[in-house]
Amino acid sequence: TLANGLTLTDGNLVVASGHGIDFSATGNSSGSTNSELLDDYEEGNWTPVLEGSGTTSGVAYSRRQGRYTKVGDKVFVNFHIVLSDEGSISSTAKISGLPFSGNSEPLYQVCHIMSGNMALDKDQTLTGMQYASNAFIYLMIQESDLALSQVTGNRSFKDNSEMVGMCTYYTNS
């Protein structure tokens, strides 16, 4: 044991549960010290699910994987989905199964998505948005001369559609 709550084990510095790394700083005009404690780190797998906000049936995958890292209140996720069967999706399409619910401040978080073999017009791009305190990503269509619109039903998907994406969002968890 090095100090209160710190241990050196096999060359690793171990911080006891309930403790963290304190990034104290003086940066404001009054010269007072602000404490920022990093006491939460987690990483793991998650399972992305393509579904609609209405009913979903028959969607099947030939590839479906996701990873996440959570540092404090910030969550970094990535995912890869390949559909073997587009199935039937009603209402707005989304990727659900995020490992943590979002925070309502800020309200919208932009997600970057690359897609292939989709039923999109040549001037349309698939993108995403993690919205408020939900544990899913709304799928959006971006066109240079139109407002963003939500993907509805499965008119944008077909068998063998592929989506690879990443998103950073805030959580209260």
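## Contacts of Phe157

Phe157 is in contact (heavy atoms within 4.5 Å) with Leu50, Leu83, Glu86, Ile89, Ala93, Met118, Ala119, Leu139, Val151 and Met163, leaving aside its neighbours within four places in sequence. The model is predicted: local features need pLDDT of at least 70 and side-chain atom pairs count only at pLDDT 80 or more, while totals for chains, interfaces and linings use all residues. Residues are numbered from 1 along each chain as its sequence is written, and side-chain values use heavy atoms, with hydrogens and water left out.

## The largest nonpolar core

Phe157 is also one of the residues that touch the most other members of the largest nonpolar core, together with Val77, Phe79, Ile95, Leu126, Leu139 and Met163; this core has 27 residues. A nonpolar core is a set of buried Ala, Val, Leu, Ile, Met, Phe, Trp, Tyr and Cys residues joined through side-chain atoms within 4.5 Å. Buried means under 20% relative accessible area, exposed over 50%, and partly exposed in between, with a 1.4 Å probe and protein chains only.

Two or more residues of this core come from each of strand 11, strand 13 (93-96), strand 14 (108-116), strand 16 (136-143) and strand 18 (162-170). Strand 11 gives the most, with five residues. Strands (E, at least two residues) are DSSP runs, numbered from the N terminus. In soluble globular proteins, nonpolar side chains tend to be buried together.

Gln109 is found in strand 14 and counts as buried because its relative accessibility is 10%. Not counting residues up to four places away in sequence, Gln109 touches Gly128, Met129, Gln130, Cys167, Thr168, Tyr169 and Tyr170.

A polar atom of the Gln109 side chain lies 3.4 Å from the backbone oxygen of Pro106. Pro106 is found in the loop between strand 13 and strand 14, and the peptide bond from Glu105 to Pro106 is cis, with omega near -5°.

## Loop residues

Gly72 lies in the loop between strand 10 (60-71) and strand 11 (74-85). With 22% relative accessibility, Gly72 counts as partly exposed. Gly72 touches Leu38 and Asp40, not counting residues up to four places away in sequence. The C-alpha atoms of Gly72 and Ser173 are separated by 9.1 Å, although these residues are 101 residues apart along the chain.

Asn117, in the loop between strand 14 and strand 15 (124-131), is not a glycine but has a positive phi, near 55°. Asn160, in the loop between strand 17 (146-150) and strand 18, has a positive phi of about 75° and is likewise not a glycine. Asn117 is partly exposed, at 39% relative accessible area, and Asn160 counts as partly exposed at 47% relative accessibility.

Conventions. Helices (H or I, at least four residues) and strands (E, at least two) are DSSP runs, numbered from the N terminus. A polar contact is a pair of N or O atoms within 3.5 Å; within protein, one must be able to donate a hydrogen and the other to accept it, and residues adjacent in sequence count only if both atoms are side-chain atoms.
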